[in-house]
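This briefing is intended for a reader who has the sequence and the coordinates at hand. It is arranged by topic.

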Amino acid sequence: MAFDVASPSSTDTPPPARASIPARTLRTDRWWLPPLLTTLGLATFVVYATVRSFMRSDYWDAENHYLTPFYSPCLSDSCVAGSSHFGTPIGELPGFIPLAFLSLPFLLGFRLTCYYYRKAYYRSIWMAPPACGVGEPHERYTGETRLPLILQNVHRYFFYAALVITIINTYDAILAFGGENGFGIGLGNVVLLLNVVLLWCYTLSCHSCRHVTGGRLKHFSRNPVRYWTWTQVSRLNTRHMQFAWLTLGTLVLTDLYVWLVSSGAIADLRFIN
Amino acid sequence: MAYQAKLRVWRGDATAGELQDFEVEANEGEVVLDLIHRLQATQAPDLAVRWNCKAGKCGSCSAEVNGKPKLLCMTRMSTFAEDEVISVTPMRTFPVIRDLVTDVSYNYTKAREIPAFTPPEGLEPGEYRMQQVDVERSQEFRKCIECFLCQDTCHVIRDHEENKESFAGPRFLMRVAELEMHPLDAGDRVEAAQSAHGLGYCNITKCCTEVCPEGIQITDNALIPMKERVADRRYDPIVWLGNKIFKRNGA
Ligand code: SF4
Ligand code: SF4
Ligand code: FES
Ligand code: FES
């Protein structure tokens, strides 16, 4: 008797159907909190970054030679004197174009197509799914199989661009050790340096980086150097999410610091000279 | 210290069913499966539940506890407050047979769709030689106990029954990755991952990784590396050109 009921092949078995559980989820924890915090975090950054990118003031501290990453590289005649570390091959720019128009779109693209940020905004903004085991509100779902989301596959090209921009940011941070009065170290240098170090961690821990350095190989044993590199990138890669958030934080912090110092709101704390 | 735990268990079959409340004795050190067994022994002798090892190794007792995909035998009662109502329901993604038992044959169908390990031509069994570093990645995936909790939680099929046709699910995309990374597998897995097994449906939201009782990094170590390989093959003109010019075929 008991076997009869459990056997799907008995003659009076109904057609297969899922257990009827009307509730969208039976989770009792605060599953909505992480997506909410993610949305707030991303929105804060986007608003801040947009405002600052179009502001066109207080991005270069002439005294200590601090340049905010939001205006690097500054290549046009509209840039204030001294802030252009690579000359000004581009003439005046109309006000609606950010001065770092050559780097910002790539940085945006890099983060938008990043595997971690994809997870973050798919969950929090698109709600597919908002949390594990919580029903998503969409009728249909095709994931990244068609346009536009299939374009996420270009991530690796943004990675290469981001590498170049990170090198430029590093160069900016090094130049900042030489201010108006020659070599010196201030709190601004520490902030710029910390930002650059974390940007390297974020960029090198990228999944595409992990793939190109060694992940794509079938035989690690035949490529010991690439295997070693892959191992190091993999170690960083496990913290990719942390670096993604940390760098959003340090980017804002760095920019804010340069803003405050260059506008004269606060004075740079000097350690040496 | 024994106490009366409040369980809300789904009971029914494919035609109808509902959550029913029970009070069941709970003792120190017990897991949810212990209470389900006590419920069977004392109040509901016909309650259907699938289990085997009670050690988190056979993958039979998969269900959902408070809405989260879990192994019943590995979910400790001490993780809940004593007055908390604990819901125990069958896996949502698969058709229910009765009570907590579901029909997981979708998974066996998907498993069969993946061509078996294919050794290089001319290499006989017994002649396989490989280095430990080369099989390490595949070995992580061999820890799988086939509990199908990852399949259950994946929203691609959990929320969209119609995607079952084209999507193999994390467990089996991981199987594809295991073979693709295997040093001696000569099959072409990359193209099939995208076209036959539906890798593109995955949006790397990591629920499979979150629920895996074996702690396998399914998304980071199997799904994303496969997505990168597909990008090599399909969406990266430079890699494509390089492969043409240098006639490379896997390194
Ligand atoms: S990461 Fe991909 S396969 Fe895993 S649960 Fe999410 S969508 Fe499904
Ligand atoms: S990968 Fe993990 S969650 Fe999925 S079936 Fe295997 S053990 Fe279970
Ligand atoms: S930057 Fe996040 S995965 Fe590439
Ligand atoms: S009974 Fe074997 S995994 Fe739970």
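The points below concern chain B, the contact between the chains, and selected sites.

The structure is a predicted model. Chain A and chain B bury about 5,300 Å² between them. In chain B, an open sheet of 5 strands carries a packed helix, and the largest nonpolar core of the model has 69 residues.

**Chain B overall**

- The secondary structure of chain B consists of 10 helices and 7 strands.
- Its C-alpha atoms occupy a box of roughly 70 × 40 × 30 Å along the principal axes.
- Chain B has 251 residues, of which 56% count as buried.
- Of the contacts in chain B between residues at least 6 apart in sequence, 62% link residues at least 24 apart.

**The sheet of chain B and its helix**

- The strand order of the open sheet in chain B is β2-β1-β5-β3-β4, and the pairing is mixed.
- Strands β2 (17–26) and β4 (68–71) of chain B each have a single partner strand, so these two form the edges and one side of each lacks a neighbour in the sheet.
- On average, neighbouring strands of this sheet are turned by 35° against each other, with direction ignored.
- Helix α1 (residues 32–42) of chain B packs on the sheet, where it touches β1, β2, β3 (62–65) and β5 of chain B. The direction of this helix makes about 100° with that of β2(B).
- Strand β1 (residues 3–12) and strand β5 (residues 85–89) of chain B are paired in the parallel sense over 4 bridges. V9(B) is placed opposite V88(B) in β5(B).

**Nonpolar cores**

- In the largest nonpolar core, of 69 residues, the most contacts inside the core belong to V9(B), V32(B), I36(B), L72(B), M77(B), F167(B) and I218(B).
- Domain 1 (3–102) and domain 2 (105–246) of chain B each contribute at least three residues to this core.
- Another core lies apart from it and comprises 34 residues, including W60(A), L99(A), Y122(A) and A244(A).
- Not counting residues up to four places away in sequence, L72(B) touches V31(B), V32(B), L33(B), V49(B), C61(B), A63(B), V65(B), V88(B) and L100(B).

**Contact between chains A and B**

- The contact involves 57 residues from chain A and 66 residues from chain B.
- Of the area of about 5,300 Å² buried between the two chains, 51% is on carbon and sulfur atoms.
- R18(A), Y141(A) and K218(A) account for 16% of the area that chain A buries against chain B, more than any other three residues.
- H182(B) is situated in the loop between α6 (170–180) and α7 (190–195) of chain B. Its relative accessibility is 14%, so H182(B) counts as buried.

**Sites in chain A**

- Helix α7 (residues 207–215) of chain A is mostly covered, with 8 of its 9 residues buried. Among the buried residues of α7(A) are H207(A), C209(A), R210(A) and H211(A).
- Q242(A) belongs to helix α9 (residues 240–262) of chain A. Its relative accessible area is 40%, so Q242(A) is partly exposed.
- Q242(A) and Y116(A) are separated by 126 residues in sequence, and their C-alpha atoms are 9.7 Å apart in space.

Conventions
Residues numbered from 1 in each chain as written. Chains lettered and ligands numbered in written order. Predicted model: local features only at pLDDT ≥ 70, side-chain atom pairs only at ≥ 80, totals over all residues. Heavy atoms only, no water. Pairing = 2+ DSSP bridges. Axes fitted to C-alpha atoms, helices over the stretch in contact; angles between N-to-C directions. Contact = heavy atoms within 4.5 Å. Core = buried A, V, L, I, M, F, W, Y, C linked by side-chain atoms within 4.5 Å. Buried < 20%, exposed > 50% of the residue type's maximum accessible area, 1.4 Å probe, protein only. Domains from an automatic or database assignment. Buried area = accessible area lost by both parts, 1.4 Å probe.
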